[in-house]
Amino acid sequence: MNENDDDDSNPPLMATYKHLLAESRLDADDRTTTMMDDDHHSRRCVVLPVIDLQHGEEQCRAAIVRAASEWGFFQVTNHGVPQALLDELHDAQVAVFRRPFKLKEREPLLDFSPESYRWGTPTATRLEQLSWSEAYHIPLTGTTPPATSSSGDKTRLVIEDVSTAMSELAQKLAGILVADLRGDEENVVSRCTRSTCFLRLNRYPPCGAAGGAFGLCPHTDSDFLTIVHQDGVGGLQIRNDERWLAVEPNPGALIVNVGDLLQAWSNDRYRSVEHRVMASAASERFSVAFFLCPADDALIRPRISAGGDRPAPRYKSFTFGEYRNQIREDVRLTGRKMGLQRFRIQGEGPL
């Protein structure tokens, strides 16, 4: 499917951002290292660690901790989220985004917040700040399953079922990662309830601009832990040793990545890694992401490993609400997220 603003379901990305596309191109390194071959595989692909959650408990624990420390990203199989349910969500997601753009912009999806639909990057002043995508960012606060069986209710039901299953998985994985980090304070994972989390439905339209475009700009996630299900198109890339590496799609696995809060809470034991999505010139891409978040007043205080060495805290303590507010203010003033560097204690090393 080609990106075409004349298609009434597409947001007017080309018309709105043509001045950014005309004024600049992505860096040559971005365009060469992310150029897609005919089989849609990037020239530099990486197979993230794959962890079968049905293997022995200790083996899984060790593999998860190692992957989160070394990569910040990993994949899980036999994760407990039924493939049939993910397929059903994909079909519902396609139908939701096929609705006319004016309808998506004017009317909320089901009974979710009208602000949940977003497209492009309103604050972008440079091509590097533009995300060539549309999404529904759905807060799960106060959501309840539908009581009837209309088409809309079926969509709502599958969203509820997926978010519940991913919430349970995220709690399990987060529990493993914090198991050997100690502190007298309340375990922050206990503050990450389903009602404080978010589910994001993403669509990345094709972009035929000669200079290329990011489907999603380089960033780190501002949560505790993220779980992603993507289709087979590809485009997700992670930053590793100063290089961008394309993540090979794995239809049988879910992708898990460490968020900023877990990096700060673990005192840099785990890594919140910069990642991005490249827009394809020919194919649209769909993904769904579950963000494990605590309550706004949850305190993020660096924990010390249970081992013998006890390094000094590398971050000031902050609440999740304070972190979100700082990000919003930085984006308003500078056009970009500053993230954890705002809270790092001076002299405690680079991010």
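A search of the whole structure, which is a predicted model, finds zero disulfides. The average pLDDT of the chain is 88, and 85% of the residues score at least 70. Over residues 31-42, however, the pLDDT is below 50.

**Cysteines**
- A disulfide is a covalent bond between the sulfur atoms of two cysteines; the search for such bonds returned zero.
- Cys-45 is partly exposed, and its relative accessible area is 36%.
- Cys-60 is buried, with a relative accessible area of 6%; this value lies under the 20% cut-off for burial.

**Model confidence**
- The stretch of residues 31-42, where the pLDDT is below 50, has 25 contacts in the model beyond near neighbours in sequence.
- Where pLDDT is low, the predicted coordinates should not be read in detail.

**Helix α1**
- Helix α1 comprises residues 13-23, and its buried residues are Leu-13, Tyr-17, Leu-20 and Leu-21.
- Viewed down the axis of α1, these buried residues fall within an arc of 100°, so they line one face of the helix.
- Lys-18, Ala-22 and Glu-23 are exposed on the other side of α1.
- Strand β4 (117-119) is included in what covers the buried residues of α1.

**Helix α4**
- Helix α4 is formed by the 15 residues 83-97. At 1.5 Å a residue, α4 should span 21 Å, and this agrees with its end C-alpha atoms, which are 21 Å apart.
- The buried residues of α4 are Leu-85, Leu-86, Leu-89, Ala-92, Gln-93, Val-96 and Phe-97.

**Sheet**
- Five strands make up an open sheet with mixed pairing, in the order β1-β11-β10-β13-β8.
- Its edge strands are β1 (45-46) and β8 (214-219), each of which pairs on one side only.
- Within this order, β11 and β10 are listed side by side; strand β10 (residues 236-240) and strand β11 (residues 243-247) pair in the antiparallel sense over four bridges.
- Gln-237 has Ala-246 in β11 as its bridge partner.

Terms used:
Residues are numbered from 1 along each chain as its sequence is written. This is a predicted model: local features need pLDDT of at least 70, side-chain atom pairs count only at pLDDT 80 or more; totals for chains, interfaces and linings use all residues. Side-chain values use heavy atoms; hydrogens and water are left out. Buried means under 20% relative accessible area, exposed over 50%, partly exposed in between (1.4 Å probe, protein chains only). Helices (H or I, at least four residues) and strands (E, at least two) are DSSP runs, numbered from the N terminus. The arc is that of the directions from the helix axis to the C-beta atoms. Contact means heavy atoms within 4.5 Å. pLDDT is the predictor's confidence in each residue, from 0 to 100. A disulfide is a pair of cysteine sulfur atoms within 2.5 Å. Two strands pair if DSSP finds at least two bridges between them. The expected span of a helix is 1.5 Å times one less than its number of residues.
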